[in-house]
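Hello,

Here is the structure for your files. My notes on its helix packing follow below.

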Amino acid sequence: MLAVALATSTPSPSPAPSPLPEIAHVRTSFLCNTLGNNLFQAVGGLRVNDGLVDQGRMMMAKIAYDAIASPKSVSAGGGAGPASQLDDVQLGILVNGLAQNIDKIETLLADPHRFPIQPTNDEQRELALAKSRLEAVVVQQRASLNILSGIVETNEFLDLQSRCNPADSSCGRAASAGPARISMPEVIVIRQKLTRQAEDNVAPAVLPIVAACR
């Protein structure tokens with residue numbers, strides 16, 4: 001009777017839980033980690049920089065227009081017009097952002113643990129090639145940065161040079177016209193073309209690494 005009671009009171013075992021579905025297959029390796037942590041981030045940063053350089057080119061056209069449309073400063077001490085002064089501030093902010101992005105990209109590509117100076121196997125050689133192609137793009141973008149930065153510094157200097165002391169009787173006549181403004185959008189256009197040429201060489205080096213990590 002005890003055996004019968006135990007048999008009837010013992011709960012039936014619960015069914016085994018179903019295995020969780022596999023969401024994705026993730027391949028991890030030195031090559032793939034470098035792709036995700038360095039190469040992809042560098043490529044993304046370079047794309048952002050392309051947009052910033054293009055904004056800089058358009059701002060240069062605005063600099064030339066504002067210098068003609070509103071040359072006279074509202075300040076008794078002279079200097080560039082209000083629109084031109086705002087142009088200097090905006091281009092300065094853009095230059096600062098572009099410089100910071102380029103520094104971050106160069107840091108990603110200079111990681112000696114990801115890109116050994118002397119590659120010893122095929123994976124390291126593939127990464128070295130991709131790195132060199134990306135660095136070629138960085139060189140062109142830094143050249144654009146130097147042009148934009150030089151324009152900001154030159155226009156700020158011209159603005160400062162044109163100012164005078166309002167207490168000086170000749171200041172009113174000196175401040176009647178704003179300072180000369182530097183704008184070279186055509187130079188940026190040439191640099192953008194060189195940048196695109198360098199970018200065309202990136203995909204052939206990076207895509208084989210992407211394919212190996214799928």
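Helix α2 (residues 30-69) and α7 cross at roughly 130°, and their axes come within 9 Å. The crossing is left-handed. On the α2 side, the contact uses L31, L35, L39 and F40. On the α7 side, V206, I209, V210 and A212 take part. By class, that is 8 nonpolar residues, with no polar and no charged ones.

Please keep in mind that this is a predicted model.

Next, α4. Helix α4 spans residues 122-162, which is 41 residues. From first C-alpha to last, α4 reaches 60 Å. That is close to the 60 Å expected at 1.5 Å a residue. What caps the N-terminal end of α4? N121 does: one of its side-chain oxygens lies 3.2 Å from the backbone nitrogen of E123.

α4 also packs on helix α7 (residues 203-212). The angle is about 140°, and the axes are 8 Å apart. That makes α4 oblique to α7. This crossing, too, is left-handed. From α4, the contact takes E126, L127, L129, A130 and R133. From α7, it takes P204, A205, V206, P208 and I209. The contact of α4 with α7 has 8 nonpolar and 2 charged residues, and no polar ones.

α4 contributes R133, A136, V137, Q140, Q141, A143, S144, I147 and L148. α6 contributes V187, I188, R191, L194, T195, A198 and E199. These residues divide into 9 nonpolar, 4 polar and 3 charged.

Best regards

Note on methods:
Residues are numbered from 1 along each chain as its sequence is written. This is a predicted model: local features need pLDDT of at least 70, side-chain atom pairs count only at pLDDT 80 or more; totals for chains, interfaces and linings use all residues. Side-chain values use heavy atoms; hydrogens and water are left out. Helices (H or I, at least four residues) and strands (E, at least two) are DSSP runs, numbered from the N terminus. The expected span of a helix is 1.5 Å times one less than its number of residues. A polar contact is a pair of N or O atoms within 3.5 Å; within protein, one must be able to donate a hydrogen and the other to accept it, and residues adjacent in sequence count only if both atoms are side-chain atoms. Axes are lines fitted to C-alpha atoms, for helices over the stretch in contact, and angles run from 0 to 180 degrees between N-to-C directions. Angles under 35 degrees count as roughly parallel, over 145 as roughly antiparallel, 65 to 115 as roughly perpendicular and the rest as oblique. A crossing is left-handed if the near helix is turned anticlockwise from the far one by less than a right angle, and right-handed if clockwise. Contact means heavy atoms within 4.5 Å. Ala, Val, Leu, Ile, Met, Phe, Trp, Tyr, Cys and Pro count as nonpolar, Asp, Glu, Lys and Arg as charged, and the others, Gly among them, as polar.
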